[in-house]
Amino acid sequence: MVTKPQDVVVALKLALGADDPSYAGMGKALGMSASEVHAAVRRLVEARLVDPETKKVRLAALRNFLVHGVPYAFPVDPKEVTRGMPTAWAAPVMSGMISSSEQLPPVWPDPEGRVQGVSVQPLYSSVPGAARRDPELYNLLALVDALRIGRAREREFAEKEIGQRLNSHAHA
């Protein structure tokens with residue numbers, strides 16, 4: 001079975017410790033159906049990113065997949081200009097770290113978004129809404145996008161920051 005982009009979103013939510021770890025609760029938080037979340041967890045177990053017994057994320061494996069797999073499995077090529085929610089180095093989690101050049105910021109297309117930027121297809125259509133509801137999930141999703149579209153400096157920062165954030169939740 002092949003991993004799907006929404007599996008990354010589910011894995012990140014699991015790694016953060018979902019408030020309601022039921023499939024229905026996670027689905028509501030992520031803007032997915034309970035069956036979509038269940039199928040994502042099943043694929044994550046098959047990919048050895050989630051322990052089949054405890055349903056806990058294997059953080060080292062997830063970090064390696066995010067850094068070395070996601071940019072190739074789920075590439076994105078920002079092109080069109082749209083209004084949306086800042087992601088990657090334009091998101092709050094990275095905005096102070098990367099100096100903005102003359103280029104437009106990367107954004108997830110979102111009718112509620114207030115930033116004009118270059119469209120980046122999110123890992124799943126409900127990502128902007130889920131990110132608005134969960135600031136820590138927003139941080140991780142934006143960092144994952146930095147891995148997907150960033151240059152070496154952005155990717156290096158995102159890799160380090162993802163590792164620290166996942167580790168902090170493992171010991172929380």
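Guide: The model is a predicted one. The protein chain has nine helices and three strands, and along the sequence these elements follow the pattern α-α-α-α-α-β-α-β-β-α-α-α. The radius of gyration is 15 Å, close to the 16 Å that the globule rule gives for 172 residues, so the chain is as compact as a globular protein of that length. Buried residues make up 51% of the 172 residues. Among contacts with a separation of 6 or more, 64% are between residues 24 or more positions apart.

As to charge, the chain carries 21 positive and 19 negative side chains, and the centres of these two sets lie 1 Å apart. The structure holds 11 salt bridges, and several of them may be considered in turn.

Glu159 meets Arg63 through their side chains in a salt bridge, with a distance of 3.6 Å from N to O. This pair links distant parts of the chain, since Glu159 belongs to helix α9 (residues 152-170) and Arg63 to helix α4 (residues 59-68), 96 residues apart. Glu159 has a relative accessible area of 31% and is therefore partly exposed. Arg63 likewise counts as partly exposed, at 24% relative accessibility.

Arg165 lies in helix α9 and Glu136 in helix α8 (residues 135-149), so the pair ties together parts that are 29 residues apart in sequence. Here the two partners fall on opposite sides of the 20% limit under which a residue is called buried. With a relative accessible area of 17%, Arg165 is buried, whereas Glu136, with 23%, is partly exposed.

A further salt bridge is formed by Glu154 with Arg151, whose closest N and O atoms are 3.0 Å apart. Glu154 has a relative accessible area of 1%, and it is therefore buried.

Salt bridges may also share partners. Asp110, Glu112 and Arg132 are linked in a network of salt bridges.

To draw the part together, helix α9 contributes Glu159 to a pairing with Arg63 of helix α4, and Arg165 to a pairing with Glu136 of helix α8.

Methods:
Residues numbered from 1 in each chain as written. Predicted model: local features only at pLDDT ≥ 70, side-chain atom pairs only at ≥ 80, totals over all residues. Heavy atoms only, no water. Salt bridge = Lys/Arg side-chain N within 4 Å of Asp/Glu carboxyl O. Helix = DSSP H or I, 4+ residues; strand = E, 2+ residues; numbered from the N terminus. Buried < 20%, exposed > 50% of the residue type's maximum accessible area, 1.4 Å probe, protein only. Rg over C-alpha atoms; globule rule 2.2 N^0.38 Å. Contact = heavy atoms within 4.5 Å. Lys, Arg positive; Asp, Glu negative; His and termini not counted. Charge placed at Lys NZ, Arg CZ, Asp CG, Glu CD.
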